[in-house]
Amino acid sequence: MTFAIQINHLTRKFNDLVAVNDISFEINEGEIFGLLGPNGAGKTTTLAMLSTMLKPTSGSATVNGMDIKNNEDGVRKSIGIVFQDQSLDEELTAWENMDFHGRLYRLQSDVRRQRIEELLELVELKDRKDDIVKTFSGGMRRRLEIARGLLHHPAVLFLDEPTLGLDPQTRNHLWQYIAKLSKEHGITIILTTHYMEEADRLCNRVAIIDHGKIIALDTPANLKDGIGGDVVNIRSPDPSAVVSVLEVPWISRIEKQYDGQVTISLQNAEQHVSTIVMLLNSNQIAIESISIHKPTLEDVFLSFTGKTIREEEADGKANMRMYQKMMRR
Amino acid sequence: MDIIYTIWLRSMKRYIRSKSRIIGSISMPLFFLLFLGFGLNSVVQIPGMGGDYITFLIPGMVAMSVLFTSVFSGIQIIWDKQFGFLKETLVAPVSRLEIMLGQTVGGATTAFIQGMIILILSIFLGLKSGNVLGFLIAFGFMALIGLAFTAFGIAIASKMEDMTGFQLIMNFVVFPIFGLSGALFPISSLPPFIVPITLLDPLTYGVEGIRYGLTGVSQINPLICLVVLGGFTVATTFIGAYLFRTIKS
C-alpha cells in the first residue's frame, strides 16, 4: 500500500500559540480521510501546510511522494483544494472560472474544454455554465469549486469544511457526490469538518484533532466501538450519588460530566435501562431525565476530551482569532 | 507568458462587464475637460504654448484618466484577497512574479483603454490632431503611466489589509501626484519653490510626454520624459513584484 500523504512530526507555531503540535500519520491512496475537530483545533493550519501555503515550524510531510518543503510546485500540481471560504470570481461565469483554473494549471485547450464539459456535467451545472457566478446559490458555488479542484486531475483533493453553511439537503447531496468521486475516480480525499455526522458518513478513517494534537485516529466504527457500547445519559440533581450507585460490573464506563450529567457506556443498554432506573429508585436518587443512544463520534470526542465539540469551539474561537491576527502580519 | 495572458484575460473580462466603472471613471476627466476647459478657455492664456487652454488641458486629462484607473486596478487585488479569489491563484503551481506581471499588464490595459476613450472624446472637443507619430508617442507614454501606476497600486495593496485605507491613498497620494503633475497648469507658472517638487512627481513626465505627442510642444524634453518615466516604471514593477511576494496566502 502506498501512502498519498505522510506526515512526520509536523508542527506549526504562531508566536506562543502552537496551532499544530507534533502530528504524525499516514493517509492511504484512495481513501477518504477526515480531520475532525472544533474550529481552531488546527485543521485548516494542517491543510495550509500540506498545500504549501504555509511553512511548517518543524517536521516534514510528503504529498503524493513529494516533499512539501523542497518541492512546492510538485505538491501544488498534485493537489486540488476547495477552501473553507469561497474563492470563485463572482464576476465571471462558471465556465470562465473553470477555464481560468485550467489555464493556470497549463492544460492544453482541447483537454481543458473537454474536462470542463465533463466536470460541469458531473456537478450538474452544465445548463448554468454561462451564468455569472454571482447568481449562484451556496450549494452551486460549492459544487463548482469542487469541479474546479478536480480539473487538473489531482492525486489528492483537499476539502476544507466542504459543507459549512449549506442547508441539510444540499449537504446530503454533496456527501453523496464526494463519496461517488472517491469510488469512481479513486482520488484520495482529505476533508476537514467539525460536523461529526459528516465524518461518520463519509470517511474511511477519521483523525480527531484538538488543540493541535491528534487525540484519536481510526475508522469511525472502531472509534465508536472503543467507547464500550451504547451510551446512556442520566440527568439528576445528585450526579455523584448516581455514579457511586452505578459502580456495577456490567457498566464499562461511567463519567460525571461538567454540567451534572452522568454518561454511562455499556453493552445492550436497552436491556439494562430498567435495572438502572430500579437501582437509582431504590437508593432514593431522583432522575430528571434518561436517554439512550448508539454511540456517535460526538461521544468519542467527549470521551477523549471531556468536553463536547461545541464547548471546545468556545475555546477554539479565541485561538482562531489569535491565529488570524498572526496570519495578517 | 501564458500565465500572464490568463490573468490579463480575466482582467479584460471583468473590465468589459463593469459598465458602471467604465462610465464612472470617464466622467471625472470629462467633466474637468468640459467645465475647466470651456470655462477657462477664454480667460486663460498659456504663455509660450501657443494654443488655447483646452488644448493644454487635454493631455493632462488623458494622463489623469490613465493614472486613476491604473492605481485603482492595482489596488483591486485587495478585493481578490477579501473575496478569496487570490488564494486560488496563489496556490496554483505558478510563480508570484507571473501573477503580479499579469495583474500589472491587465490593469495597465484597462487604464490605457480609459485614456483612449478620453483621447477620442477630446477630438470632438477641439483637439487638433497632430500626426500619426505624435499619437503613437502619446500612446507610449499612456502605456508607461498605466504600467507604472498599476504596479504602484499593487505595491500598496500588498501592504493593505482591506479597502478602508483606499480613500486615504487616493486623497493623500494619488491626488497630489495628479495635482503636482502640470496636468492643469504649466509647471513654469508655479512659484519657484514648488517647481522642484513637480519635477519629483513621475506623472509630470508622463503628462509632458503625452503633451508633446498630442500638441508638439512640451516644457520638458520628451526624451528626458521617456527616461524618467521608464525608470519609474521599472522601479515600481520591481517594488510591486517584491511586495506581492510577501503577501501571506
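**Which residues are linked with A:Asp89 in a network of salt bridges?** The network joins A:Asp89, B:Arg10, B:Arg14 and B:Asp80. A salt bridge here is a side-chain nitrogen of Lys or Arg within 4 Å of a carboxyl oxygen of Asp or Glu. Let's work through the rest in short exercises.

**Before you start**

This is a predicted model, in which local features need pLDDT of at least 70 and side-chain atom pairs count only at pLDDT 80 or more, while totals for chains, interfaces and linings use all residues. Residues are numbered from 1 along each chain as its sequence is written, chains are lettered from A and ligands numbered from 1 in the order in which they are written, and side-chain values use heavy atoms, with hydrogens and water left out.

**Exercise 1. Describe the overall build of chain A.**

Step 1: Start with the extent. The C-alpha trace of chain A spans about 80 × 45 × 40 Å along its principal axes.

Step 2: Divide the chain. Domain 1 covers 3–223 and domain 2 covers 228–294; such bounds come from an automatic or database domain assignment. Taken over C-alpha atoms, the centres of the two domains of chain A are 41 Å apart.

Step 3: Look at the secondary structure. Chain A holds 12 helices and 14 strands, where helices (H or I, at least four residues) and strands (E, at least two) are DSSP runs numbered from the N terminus.

Step 4: Check burial. Of the 329 residues in chain A, 53% are buried. Buried means under 20% relative accessible area, exposed over 50%, and partly exposed in between (1.4 Å probe, protein chains only).

Step 5: Turn to contacts, meaning heavy atoms within 4.5 Å. Among contacts in chain A with a separation of 6 or more, 69% are between residues 24 or more positions apart.

**Exercise 2. Characterise the interface of chain B and chain A.**

Step 1: Find the residues that touch. On chain B, 25 residues are in contact with 28 residues of chain A.

Step 2: Give the area. The two chains bury about 2,600 Å² between them, and 57% of it is on carbon and sulfur atoms. Buried area is the accessible area (1.4 Å probe) that two parts lose on being put together, summed over both.

Step 3: B:Glu88, B:Val91 and B:Pro93 supply 27% of the area that chain B buries against chain A, more than any other three residues.

Step 4: Look for charge pairs. Side chains of opposite charge can pair when their charged atoms come close. Across this interface there are five salt bridges. B:Arg17 and A:Glu96 meet in a salt bridge, at 2.6 Å from N to O.

Step 5: The elements that give two or more residues to the side of chain B touching chain A are α1 (2–17) and α5 (85–90) of chain B. The greatest share comes from α1(B), with 10 residues.

**Exercise 3. Explain why helix α3 of chain A counts as largely enclosed.**

Step 1: Count the buried residues. In α3(A), 11 of the 11 residues are buried, so the helix is largely enclosed by the rest of the structure. They include A:Trp95, A:Glu96 and A:Phe100.

Step 2: Identify the cover. It includes α4 and α5 (138–150) of chain A together with α1 and α5 of chain B.

Step 3: Zoom in on one residue. Leaving aside neighbours within four places in sequence, A:Asp99 is in contact with A:Arg112 and A:Ile116.

Step 4: Follow the chain onward. Just after α3(A), A:Arg106 takes a positive phi of about 55°.
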